[in-house]
Amino acid sequence: MNRERPYRRRVLGAISAIALAWPLTALAGIERTPHNLTATGPGQFRGGPSASLCTFCHVPHNAKATRALWNHELPAQTYTLYQSSTLEAQLQQPTGSSRLCLSCHDGTIALGALAQHPEPLLGRLTGTTVVGTDLSDDHPISFLYDQALLARRPGLADPATLPRQVKLDDTGQMQCTSCHDPHTDRYPKFMVMDGTYSGLCIACHRLPLWQESVHATIPGTSRIGQPLPGLGFGTVAENGCSSCHQSHNAAHPIRLLRGVSEGATCMACHGGQVAQKDLRSDFAKPSAHRIDAYVGIHDPAENPLSMPLHVECVDCHNPHEARADRIIGQVPGPLTGVSGVDITGGFRSNANFEYEVCLKCHASESPSPVVFRVDDITNVRLKINPSNVSFHPIAASGKNPMIRGLLPGWTAASLITCTNCHNSDTMAPVSTGSAGPHGSIYRPILLREYRIDGSPSSESFQLYALCYNCHDRTVLLSDASGFPHKLHVQDQQ
């Protein structure tokens, strides 16, 4: 008994020291932040001269019947929660520390509304830190982050491997305090980790190929002298996820986009402000993929075989996986991670070839408003099918091993892509504009001119420049060539 007492004194003494040290450490951190609501605080909101630093949140006696010895009035609001077709978490009304945070940050209760020692000088919180009662434009909170969620959403990190700074509450739920530490602003916005290069986001979101993607690695800076979209860092790579997404008060609630639409989010950089090519000029051309005509129709969970026809940036580009490289015979880097339709008409969650991305829309039977067709077949999948007697070699090499009249660089075994013909007109003969079928002065989004209206016309290099991008005009129109092109194209026009 006597031997136990000194041991117990040492243990209790150590516990007391830890208990005293933590508040002092927290105190040193809070006093320099906007959470210091005393008369000497550095922020916009300040209480009277008798206000105590900690009592705006905590009180040692007669606290609210909740956690953390809470001193502030609690909200009785019913919040509008985040919704998305890709949301797998089961959300509920805010609980735990999130409810405590919202007692100030929903903007409905005065900052000075305290159970003990109220501060009548302090009214409701105002400004950008107010999230309101509509949480549909904010990152989800108060949901169980467990193995079951991971099984439903494989793009998340295993909760057992989260960094020590990213804490779930004692029930395993993701809360405001998983991302924000209210006691210190060592990192901007009270974040628990450095947000540079998406550091905090990728603690939970482990998207395949993100770390290799162009948006995660490109050192792009503003070309017009204005701040980049995001957390305020100098390059696109440093801003990372925040270049496109906004955790609170997002302009486009679904998927928390910074822009009012998916197109607007992309154009914040690709409209000449950051990216080298200004896509606005291409989309304004007479023939273009009219992304401005379709807003909010695309959905990541959609099935190309049944979706309504539309075209938005993310129908062709996956911003989390897009790369800058182009590997011949495979899906080009800018289209990496995009769904498609294969040559048999089957759905592919990840397209293997460029044409599979195009077939998501161009394998339909809808009539074409810009192209005159004698056969009236508009389903491109049927037209390029290797089982046809003849076809352009997109899905397979051509059937004629003896084909003549190809320009250097092309052979009978060559494969071409959709964008060999359908591309920006400024890509030829030298690249002065963007690559890809965004828009062209030649219908239907052609790299070079090609007469398509079916009317008789005199042959010229310019009129059929698209064909002569691969085929030798001199050979094709020669009397000795054995081809009927001279008769049909030149003689009979």
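Predicted model: local features only at pLDDT ≥ 70, side-chain atom pairs only at ≥ 80, totals over all residues.

Colleague: To begin with a single side chain, at what relative accessibility does Tyr450 stand?

Modeller: Residues are numbered from 1 along each chain as its sequence is written, and side-chain values use heavy atoms, with hydrogens and water left out. A residue is buried under 20% relative accessible area, exposed over 50% and partly exposed in between, with a 1.4 Å probe and protein chains only. Tyr450 counts as partly exposed, at a relative accessibility of 35%.

Colleague: What is the geometry of the aromatic pair formed by Tyr450 and Tyr464?

Modeller: Rings of Phe, Tyr and Trp (its six-membered ring) pair if their centres lie within 6.5 Å; planes under 30 degrees apart are stacked, over 60 edge-to-face, and the rest tilted. This rule gives a count of 3 aromatic pairs. For Tyr450 and Tyr464 the centres are 5.7 Å apart and the planes stand at 65 degrees, and the pair is edge-to-face.

Colleague: How many residues apart in sequence are the parts that this pair ties together?

Modeller: Helices (H or I, at least four residues) and strands (E, at least two) are DSSP runs, numbered from the N terminus. Both Tyr450 and Tyr464 lie in the loop between β6 (439-440) and α12 (473-476), so the pair ties together parts whose separation in sequence is 14 residues.

Colleague: Is Tyr464 buried or exposed?

Modeller: The relative accessible area of Tyr464 is 15%. Tyr464 is therefore buried.

Colleague: Which class describes the ring pair of Phe461 and Tyr468?

Modeller: Phe461 is partly exposed at 42% relative accessible area, whereas Tyr468 is buried at 8%. The ring centres of Phe461 and Tyr468 are 5.6 Å apart and the planes lie at 20 degrees, so the pair is stacked.

Colleague: Over the ring of which residue does the charged end of Arg404 sit?

Modeller: The criterion requires NZ of Lys or CZ of Arg within 6 Å of the ring centre and within 35 degrees of the ring normal. The charged end of Arg404 is 5.1 Å from the centre of the ring in question, that of Phe483.

Colleague: How many disulfides are there?

Modeller: A disulfide is a pair of cysteine sulfur atoms within 2.5 Å. The sulfur of Cys101 has its closest cysteine sulfur in Cys176, 4.4 Å away, which is too far for a bond. Cys470 is in no disulfide either, since the nearest cysteine sulfur, in Cys421, is 6.3 Å away. By this rule the count of disulfides is 0.

Colleague: Which helices are included in what covers the buried residues of α7?

Modeller: Helix α7 spans residues 262-270, and its buried residues are Glu262, Gly263, Thr265, Met267 and Cys269. Contact means heavy atoms within 4.5 Å. What covers these buried residues includes α8 (279-283) and α9.

Colleague: With which residue does the side chain of Thr235 make a polar contact?

Modeller: Thr235 lies in the loop between α5 (214-217) and α6 (236-239) and is buried at 15% relative accessible area. A polar contact is a pair of N or O atoms within 3.5 Å; within protein, one must be able to donate a hydrogen and the other to accept it, and residues adjacent in sequence count only if both atoms are side-chain atoms. At 3.0 Å, the partner of the Thr235 side chain is that of Glu238.

Colleague: What is omega for the peptide bond between Arg443 and Pro444?

Modeller: Most residues other than glycine have a negative phi, and most peptide bonds are trans. Pro444 lies in the loop between β6 and α12. The bond joining Arg443 to Pro444 is cis, with omega of about -5 degrees.

Colleague: What positive phi does Ser198 take?

Modeller: Ser198 is in the loop between α4 (176-179) and α5 and is buried at 2% relative accessibility. Although Ser198 is not a glycine, its phi is positive, at about 65 degrees.

Colleague: Over which residues does pLDDT stay under 50?

Modeller: The mean pLDDT of the protein is 89, and 90% of its residues reach 70 or more. The stretch under 50, for which the model has 1 contact beyond four places in sequence, is residues 1-25.

Technical notes
pLDDT = per-residue confidence, 0-100.
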